[in-house]
Amino acid sequence: MTLHASGNFHYGSMQAYDVIIVGGGAAGLSAALLLGRARRSVLVCDAGKPRNWASNALHGFISREGMNPAELLVKTRQELQRYPTVRLIRDTAIDASREGDRFVVTMADNGRATGRKLLLATGIADEVPALEGIDAFYGKSVHHCPYCDGWEHRDEPIAVYGGREKGAKFALMMKQWSADIVLCTDGMPLPSAPTRAQLEANGIPVWRTKIQRLEGTGHQLERIVFVDGQVLPRRAMFFTIGQHQRSSLFQRLGVTVGSKGGLKARWPSCCTEADGVYVAGDASRDVQLLIVAAAEGACAALAINKALLAEDGLG
C-alpha cells in the first residue's frame, strides 16, 4: 500500500512503509528523495555516524567540492522534510527479517516497522591503524582515500601505511600525487620480491620498523616516530589495512558477499539475490566515492519503484 501525503498505514501494531532504507548517507538519502517524490512511503533509519565523520571536506562531488560532509547531510535532510512521504529517524536497525510478503525491521529505540522493499545503504567501516596519536590527524592529514584527499597533499612527503602486496601497490599508486613516498610496513610482512623491485625502481623506500607514535601540531602530521628511535618527517599518511561491513543485517536476509567483501548486487538495479532486498553505496565495496553512492541510491530507487509498480499491476 502506498502512503500518500494524507496519512499513515499500519500493519498490525507496526507502522508500514513501501520502502525501509537502512542507512542515511549519500546513497540512502538519494534513494529516499526519488522514492518520496514518487509518493512512496519511506522510512530512513540511520545511526548517525557516517564513514567520513572525521573529514573536514568532501571532494569529487560536482557542485559540492570542499563542502563539509556533515553539512551535505544536514542540507539533504532539510530538503527531504518537504516530503511528508519520507520519515527520517536517528536510530540503529538491529534486526531485519522477511515475514510473508513484507520485511520487518527492528530498531534499538523505535520499535519495529515493516516495508515491502528493503534497501541496505549501511556502508562500510575502515580499519584504522592502532597507532598512538592517530586520532588527532585522522581525516585531516591521515587518510584512507587518495581520490578524496590526495590533491590536498600533492608534492608533500607522504607515508603509506600497509604491508604485503596491497600496501606496496598503494604506495606505487601514491606516486601519482607526490614524488616523495615512503612505505611503512609497521612490522607487517613485506610484498613479493618482484614488487619490492618495483618499489625500488620507483624510488620508494620501505621502512619495516614498528611505529611507536605519530606526532604533529594540531591536526597536522609532522613526523613518524619508530620504536628504535628513528624519526621520519612526513606531512601526510595514507593507509590501507582493510574494511568491514558496518552492519550485519545482510546475514539475516540472505544477501551474499563477494570476494572483496562487498554485498553482491546487480547493476544498475542494485537488487540482490534475496528477493526484495537492494544494496547501494559503499556496502557494495565497488567504487567508494560519495557521488557514486548517491548515483547508486538513485538507481536503486528507480528499480524499487518499478518493482512496486509491477506488484500493483501498474508495470
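Predicted model: local features only at pLDDT ≥ 70, side-chain atom pairs only at ≥ 80, totals over all residues.
Biologist: What space lies in the second largest pocket, and which residues are the closest to its centre?

Modeller: The second largest pocket holds about 730 Å³ of space. Its lining is made up of 21 residues, and Arg-51, His-144, Gln-243, Asp-286 and Gln-288 are the closest to the centre. Sorted by class, that lining has nine nonpolar, five polar and seven charged residues.

Biologist: How many residues line the largest pocket, and what space lies in it?

Modeller: For the largest pocket the space comes to about 940 Å³, and 49 residues line it, with Lys-49, Pro-50, Arg-51, Asn-52 and Arg-246 nearest its centre. By class, its lining has 23 nonpolar, 17 polar and nine charged residues.

Biologist: Which element gives the most to the lining of the largest pocket?

Modeller: That element is α2, with four residues. Among the elements that each supply at least two residues of this lining are α1 (26–37), β3 (42–46), α2 (69–80) and α7 (290–311).

Biologist: How do you know that the buried residues of α2 line one face of the helix?

Modeller: The buried residues of α2 are Pro-69, Leu-72, Leu-73, Thr-76 and Leu-80. Seen down the helix axis, these buried residues fall within an arc of 95 degrees, so they are said to line one face of α2. As background, an α-helix has 3.6 residues a turn, so residues three or four places apart point the same way. The cover over the buried residues of α2 includes α1, β4 (86–90) and α7.

Biologist: What span do the 12 residues of α2 reach from first C-alpha to last, and what is expected?

Modeller: From its first C-alpha to its last, α2 reaches 17 Å, which is close to the 16 Å expected at 1.5 Å a residue.

Biologist: Why does the span of α7 count as agreeing with what its 22 residues should give?

Modeller: At 1.5 Å a residue α7 should span 32 Å, and because its end C-alpha atoms are 32 Å apart, the two values agree.

Biologist: Which residues of α7 are buried, and what do they pack against?

Modeller: The buried residues of α7 include Ala-293, Glu-296, Gly-297, Ala-300, Ile-304, Asn-305 and Leu-308. The buried residues of α7 pack against β2 (14–22), α1, β7 (112–120) and β18 (277–279). After the helix comes Gly-313, with a positive phi near 75 degrees.

Biologist: What makes Met-237 a buried residue?

Modeller: The cut-off for buried is under 20% relative accessible area, and Met-237 has a relative accessible area of 0%, so it is called buried. Met-237 has its place in strand β16 (residues 236–239). Leaving aside neighbours within four places in sequence, the contacts of Met-237 include Leu-131, Val-142, Tyr-161, Ile-211, Leu-214 and Ile-224.

Biologist: Why is Ser-63 called exposed, whereas Arg-39 is called partly exposed?

Modeller: Exposed means over 50%, and partly exposed lies between that and the 20% limit. Ser-63 has a relative accessible area of 62%, so it is exposed; Arg-39 has 44%, so it is partly exposed. Ser-63 is found in the loop between β3 and α2, and Arg-39 in the loop between α1 and β3.

Biologist: What is the phi of Arg-39, and what is that of Ser-63?

Modeller: Phi of Arg-39 is near 65 degrees, a positive value in a residue other than glycine, and phi of Ser-63, likewise a residue other than glycine, is positive and near 75 degrees. In general, most residues other than glycine have a negative phi, and most peptide bonds are trans.

Biologist: Is the peptide bond from Trp-267 to Pro-268 cis or trans?

Modeller: The bond from Trp-267 to Pro-268 is cis, with omega near 10 degrees, and Pro-268 is found in the loop between α6 (249–253) and β18.

Terms used: Residues numbered from 1 in each chain as written. Heavy atoms only, no water. 1 Å grid on protein atoms, 1.4 Å probe; cavity = no way out; pocket = protein on both sides within 12 Å on 5 of 7 lines; lining within 4 Å. Points joined across faces, edges and corners; volume = space filled by probe spheres on them. Nonpolar A, V, L, I, M, F, W, Y, C, P; charged D, E, K, R; others polar. Expected span 1.5 Å × (residues − 1). Buried < 20%, exposed > 50% of the residue type's maximum accessible area, 1.4 Å probe, protein only. Contact = heavy atoms within 4.5 Å. Arc of directions from axis to C-beta.
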